Amino acid sequence: MDLRRARVIEQHRAPERAAIQVQAGDRVTLGDRDTEWPEFVWTALASGLGGWVPSALFDAERGQASALQDYDTRELDVDHDEVLTLHREIAGWWWVENARGDSGWVPARKLELLDD
């Protein structure tokens with residue numbers, strides 16, 4: 001598989017909350033949509049931990065829902081001019097990998113796609 005690369009054009013820092021993982025079939029509670037990223041909905045796990053997950057990954061819009069696929073909310077700290085490998089994009093965010101092998105989500109608007 002030919003993976004694309006991107007250069008960071010604006011630094012990104014992950015939020016100071018624990019990342020959550022949702023597995024396909026997990027029952028969750030969906031809350032409000034994010035005002036900056038309206039494709040994301042606040043998702044609470046049975047444990048009470050929560051995080052922002054794309055609403056398209058659930059079988060309902062609000063309240064109780066089941067996850068349709070796995071998702072990890074982990075974001076990656078990246079610095080200006082860092083070059084990243086792109087793996088997949090969803091809802092305006094890329095799952096990326098840095099040169100050290102660390103992975104996480106970064107907003108697409110903070111990246112410049114490179115032509116190889």
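## A buried asparagine and its surroundings

Asparagine 98 counts as buried, because its relative accessibility is 5% and the cut-off for buried is under 20%. Keep in mind as you look around that this is a predicted model.

**Asparagine 98**
- You will find asparagine 98 in the loop that links β9 to β10 (103-107).
- A polar atom of the asparagine 98 side chain lies 3.0 Å from the backbone nitrogen of arginine 100.
- Not counting residues up to four places away in sequence, asparagine 98 touches Leu76, Glu82 and Leu84.

**Glutamate 82**
- One of those partners, Glu82, sits in the loop between β7 (71-72) and β8 (83-90).
- Which side chain of opposite charge is nearest to glutamate 82? It is arginine 100, at 4.2 Å.
- Glutamate 82 is buried yet has no salt bridge, because a salt bridge needs a side-chain nitrogen of Lys or Arg within 4 Å of a carboxyl oxygen of Asp or Glu.
- The side chain of glutamate 82 does have a polar atom 2.9 Å from the backbone nitrogen of aspartate 79.
- Leaving aside neighbours within four places in sequence, the contacts of glutamate 82 are Ala6, Arg7, Val8, Asn98 and Arg100.

- Strands β3 (residues 27-33) and β4 (residues 40-44) run antiparallel and are joined by three bridges.
- Within this pairing, leucine 30 has threonine 43 in β4 as its bridge partner.
- A hairpin of six residues takes the chain from β3 to β4.
- On to the next pair: β4 and β5 (residues 50-54) also run antiparallel, with five bridges between them.
- Here alanine 44 stands opposite glycine 50 in β5.
- The β4 and β5 hairpin has five residues between its strands, and glycine 48 in the turn shows a positive phi of about 100 degrees.

**The nonpolar cores**
- How many residues make up the largest nonpolar core? There are 18, and Val22, Val28, Leu30, Phe40, Val53, Phe58 and Tyr71 touch the most other members.
- At least two residues of this core come from each of β3, β4 and β9 (93-97).
- A separate, second core has ten residues, including Leu76, Leu84, Val96 and Leu111.
- Back in the largest core, Phe40 is one of the members with the most core partners; its contacts, not counting residues up to four places away in sequence, include Asp32, Trp52, Val53, Tyr71 and Trp93.

Key: Residues are numbered from 1 along each chain as its sequence is written. This is a predicted model: local features need pLDDT of at least 70, side-chain atom pairs count only at pLDDT 80 or more; totals for chains, interfaces and linings use all residues. Side-chain values use heavy atoms; hydrogens and water are left out. Helices (H or I, at least four residues) and strands (E, at least two) are DSSP runs, numbered from the N terminus. Buried means under 20% relative accessible area, exposed over 50%, partly exposed in between (1.4 Å probe, protein chains only). Lys and Arg count as positive and Asp and Glu as negative; His and the chain ends are not counted. A polar contact is a pair of N or O atoms within 3.5 Å; within protein, one must be able to donate a hydrogen and the other to accept it, and residues adjacent in sequence count only if both atoms are side-chain atoms. Contact means heavy atoms within 4.5 Å. Two strands pair if DSSP finds at least two bridges between them. A nonpolar core is a set of buried Ala, Val, Leu, Ile, Met, Phe, Trp, Tyr and Cys residues joined through side-chain atoms within 4.5 Å.
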